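Here is a short briefing for a first look. Please keep the sequence and the structure in view while reading.

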Amino acid sequence: MVMNLRQMEIFRAVMREGSITGAAKALNISQPSISEIIRNAEARCGLQFFVREKGRLRPTPNASRLIDDIDTVFHQVTKVNRVIESLRSDRDATLILGCTYSLSLSLAPRIISFLHSLEPKLKVHIIVERRADSANKVGSGSIDAAISFLAESYSNVEIITLITAAARFICLKSHPLAQRKSVSVKDLRKERFVGYFPYLQLRKRIDALFGKHGLSFNPAIEVEQIAQAWHLVRSGEGVAIVDPFCDLQVFFPEIVSLALRGAPRIPLQLLVKKGRNLTPTLSLLASKFTELAQTSSGDMP
């Protein structure tokens, strides 16, 4: 036999809260009921999901393997309920967009303002997470779309390029290069760089850019998020090359953003479920992205 939806709900709550007490509080049911439902689920499946250690529950490998798939089930339940709500009101009542942390600070507020200027009652949910997680949720249909740049290919996901723009160079306003209008790779040969992990697409493009000039890109510090690079540059840890869409100067007035001659073009992308037509809201949003993604560089085509 297999788990039913109620048992999955209880299992998921225990995994998320880390205890029967927390799960009971989250679901507003008694602790004995939680314990009984977990025992029944284990009996039905013939598997152990939790072991007790010093009064706390520890998930077994069986539970760890199940949780992602069960999360997907409940994301889909949420999607179904949103569709029901939308059908009831006969319009797109809610739009759920995934994006990275850096984009949530810069581009996402412009998206929300634009959409609310057209439809004040539209509910816009911004889900901040890693690109791969957003893409998986788009593919499963649990979120409507995701905004990304340099996205990888994902199954069941269509990637629509909205605009492209050149990567930027950032440094402190006190830096000797800060007064220039633009810089070249050769100007940066002796700089201490904040860079990105080698597997990231932006890092690969920076490596290729330096390689074209016979140079190696060897950052002193490697990070995953663009916002981390801005923070470290502000702290005096070096300079950085960043994407053109996460314009964070409002948060970092000590930093100047300069054009980088010959910089790679970075695509801003909309990720949607493959084979599904864009809703009117998403179609309108896509048509306005050149305007919405304008940065202080004026580098947009």
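**A residue between two helices**

Asn28 sits in the loop that runs between α2 and α3. This is a predicted model. In it, Asn28 has a positive phi of about 60°, although Asn28 is not a glycine. Asn28 has a relative accessible area of 70%, so Asn28 is exposed.

**The chain as a whole**

- The protein chain has ten helices and 13 strands.
- Its C-alpha atoms fill a box of roughly 70 × 50 × 30 Å, taken along the principal axes.
- The protein chain has 301 residues, and buried residues make up 47% of them.
- Take the contacts in the protein chain with a separation of 6 or more: residues 24 or more positions apart account for 73% of them.

**Helix α1 against helix α3**

- Helix α1 covers residues 5-17, and helix α3 covers residues 31-45.
- The two pack at an angle of about 115°, and their axes are 9 Å apart.
- α1 and α3 are therefore roughly perpendicular to each other.
- The crossing of α1 past α3 is left-handed.
- On the α1 side, the contact uses Arg6, Gln7, Ile10, Phe11 and Val14.
- On the α3 side, it uses Ile34, Ile37, Ile38, Asn40, Ala41 and Arg44.
- By class, the residues of the contact of α1 with α3 are seven nonpolar, two polar and two charged.

**Helix α2 against helix α3**

- Helix α2 covers residues 20-27 and packs with α3 at an angle of about 110°.
- The axes of α2 and α3 are 8 Å apart.
- That angle makes α2 roughly perpendicular to α3.
- From α2, the contact takes Ile20, Thr21, Ala23, Ala24 and Leu27.
- From α3, the contact takes Gln31, Ile34 and Ser35.
- The residues of the contact of α2 with α3 divide into five nonpolar, three polar and no charged.

**Helix α1 against helix α2**

- α1 and α2 pack at an angle of about 120°, with 8 Å between their axes.
- That makes α1 oblique to α2, because angles of 65 to 115 degrees count as roughly perpendicular.
- α1 passes α2 in a right-handed crossing.
- Glu9, Ile10, Ala13, Val14 and Glu17 of α1 make the contact with Gly22, Ala23, Ala26 and Leu27 of α2.
- The contact of α1 with α2 holds six nonpolar, one polar and two charged residues.

**Aromatic rings**

- The count of aromatic pairs, with ring centres within 6.5 Å, comes to eight.
- Phe193 and Phe210 form an edge-to-face pair. The centres are 5.8 Å apart, with 85° between the planes.
- This pair links distant parts of the chain, 17 residues apart. Phe193 is in strand β9 (residues 193-196), and Phe210 is in helix α7 (residues 201-212).
- Phe193 and Phe210 are buried.
- The ring centres of Phe210 and Phe217 are 5.1 Å apart, and their planes are at 55°, so this pair is tilted.
- Phe217 is buried, and so is Phe210.
- Phe11, Phe49 and Phe50 form one aromatic cluster.

- Gln48 lies in the loop between α3 and β1 (50-53).
- Is Gln48 buried, exposed or partly exposed? Gln48 counts as partly exposed, because its relative accessibility is 43%.
- Which residues does Gln48 touch, not counting residues up to four places away in sequence? Gln48 touches Glu42, Thr60 and Asn62.
- Gln48 and Thr60 are twelve residues apart along the chain, and their C-alpha atoms are separated by 7.0 Å.
- Leu150 is found in the loop between β5 (145-149) and β6 (157-166).
- Phi of Leu150 is near 55°, a positive value in a residue other than glycine.
- Is Leu150 buried or exposed? At 7% relative accessibility, Leu150 counts as buried.

Definitions and conventions. Residues numbered from 1 in each chain as written. Predicted model: local features only at pLDDT ≥ 70, side-chain atom pairs only at ≥ 80, totals over all residues. Heavy atoms only, no water. Axes fitted to C-alpha atoms, helices over the stretch in contact; angles between N-to-C directions. Helix = DSSP H or I, 4+ residues; strand = E, 2+ residues; numbered from the N terminus. Parallel < 35°, antiparallel > 145°, perpendicular 65-115°, else oblique. Left-handed = near helix turned anticlockwise from the far one by under 90°. Contact = heavy atoms within 4.5 Å. Nonpolar A, V, L, I, M, F, W, Y, C, P; charged D, E, K, R; others polar. Phe/Tyr/Trp six-rings, centres within 6.5 Å; stacked < 30°, edge-to-face > 60°. Buried < 20%, exposed > 50% of the residue type's maximum accessible area, 1.4 Å probe, protein only.
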